[in-house]
Amino acid sequence: MSEKKKVWVSRPLFPEVLARLAEQFEVEAETVERRYSPEELRARLAGVDGAVVGLVDRIDAAVLEGNTRLKVVANLGVGHNNLDLPALTRAGVLASNTPDVLNETTADYGWALLMAAARRVGAAERWLRAGEWPKQGVHFDDWLGVDLHGRTLGVLGMGRIGRAVARRAAGFDMRVLYHNRTRLSDELERSCHAAWVEKETLLREVDHLVLVLPFTPANRHAIGAAELALMKPTAVLVNIARGGIVDDAALAAALREGRLAAAGLDVFEGEPAVHADLLALDNVVLSPHIASASFTTRRAMADMAADNVLAVIGAEPGKPVSPLNPEVLAAKG
Ligand code: 8YV
């Protein structure tokens, strides 16, 4: 009997999903969440046929060098800036991500951050827990936030998650403006009641801005000091995209100096570290990269990663559900 193929799972995952993999593979699943050095990644990947990895695992040419065994790397996320796709393709490794299953959950969370930041939920809770309410009372003109309803929402990056964010705005009677490199079709624009504008117009006109663009080198600091200077001082900024898209130091300065009302941030430059200037501010709601973290969605993401691994190296190979470099399969014929 031939030996079972091996799969490495770089982070703790749902036992049911690991069990699905274990039906066909010898699974080596890590039980603690940690970061691996390039050398460790290289060593772990050297002995396996497939891997399920997280966004903190950077899979590049150096990590893949000399690896002739690995056939599939399934990323636990839709964003895949941790994967060097040309290097994976050159190494003949199929890479996959988890699109679509997280669109609605991530959009929900964007709104959670927007509402929490606009209405000062985090600061108010900290104040209450600190026992200040009985001491100070709440005055009629305390804790005033900014409204969402009836205002203009901006979405920067109008992919599938951006459109899900935009569609929700109808419930708040908001006008929606968006900017994206390519304009949506008329039909898609209608379906999310959104109008395309230049980036500068977006920044100047919107009352609240949600960032949902993918991280690419060109998008680094897409929101920096110059962009923040165009925004209304009453505006709220939400980043559910990627750290590095916002210049966190410039954002902290704008928030501190009252040039922006508030921010809701799920992602950070250099996470898990968070810029000390942001941590020092009360008008920002911070969370540890959890926008897709609902029971249903995280499970669906894990299942999708497992499906991709099974499709490439399983007993009955088929078409991966969400390949990022399908040319690898074509090359094999
Ligand atoms: C992460 C994400 O996968 O899908 C993405 O690109 O950023 C998230 O869904 C998740 O937070 C696990 O790190």
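Where is the place of proline 272? In this predicted model, proline 272 sits in the loop that runs between β11 (262-265) and α13 (276-279). As background, most peptide bonds are trans, and most residues other than glycine have a negative phi.

Tryptophan 143, in the loop between α7 (132-136) and β6 (152-156), has a positive phi near 60° without being a glycine. Its relative accessibility is 24%, so tryptophan 143 counts as partly exposed. Histidine 221 belongs to the loop between β9 (208-211) and α11 (225-230), and its phi is positive too, at about 55°. With 22% relative accessible area, histidine 221 is also partly exposed.

Now for some helix packing. The axes of α1 (residues 15-22) and α14 (residues 295-313) come within 10 Å and cross at roughly 10°. Angles under 35 degrees count as roughly parallel, so that is the label for α1 and α14. On the α1 side the contact uses Glu16, Val17, Arg20 and Leu21, while α14 brings several residues, among them Arg299, Asp303 and Leu310. Sorted by class, this contact has six nonpolar and five charged residues, with no polar ones.

Last stop: the second largest pocket, with about 220 Å³ of space. Its lining has 18 residues, and Ala117, Arg120, Ala261, Ala262 and Asn283 lie nearest the centre. α5 (103-118), α6 (121-129) and β12 (284-286) each give at least two residues to that lining, which splits into 13 nonpolar, three polar and two charged.

Definitions and conventions:
Residues numbered from 1 in each chain as written. Predicted model: local features only at pLDDT ≥ 70, side-chain atom pairs only at ≥ 80, totals over all residues. Heavy atoms only, no water. 1 Å grid on protein atoms, 1.4 Å probe; cavity = no way out; pocket = protein on both sides within 12 Å on 5 of 7 lines; lining within 4 Å. Points joined across faces, edges and corners; volume = space filled by probe spheres on them. Helix = DSSP H or I, 4+ residues; strand = E, 2+ residues; numbered from the N terminus. Nonpolar A, V, L, I, M, F, W, Y, C, P; charged D, E, K, R; others polar. Axes fitted to C-alpha atoms, helices over the stretch in contact; angles between N-to-C directions. Parallel < 35°, antiparallel > 145°, perpendicular 65-115°, else oblique. Contact = heavy atoms within 4.5 Å. Buried < 20%, exposed > 50% of the residue type's maximum accessible area, 1.4 Å probe, protein only.
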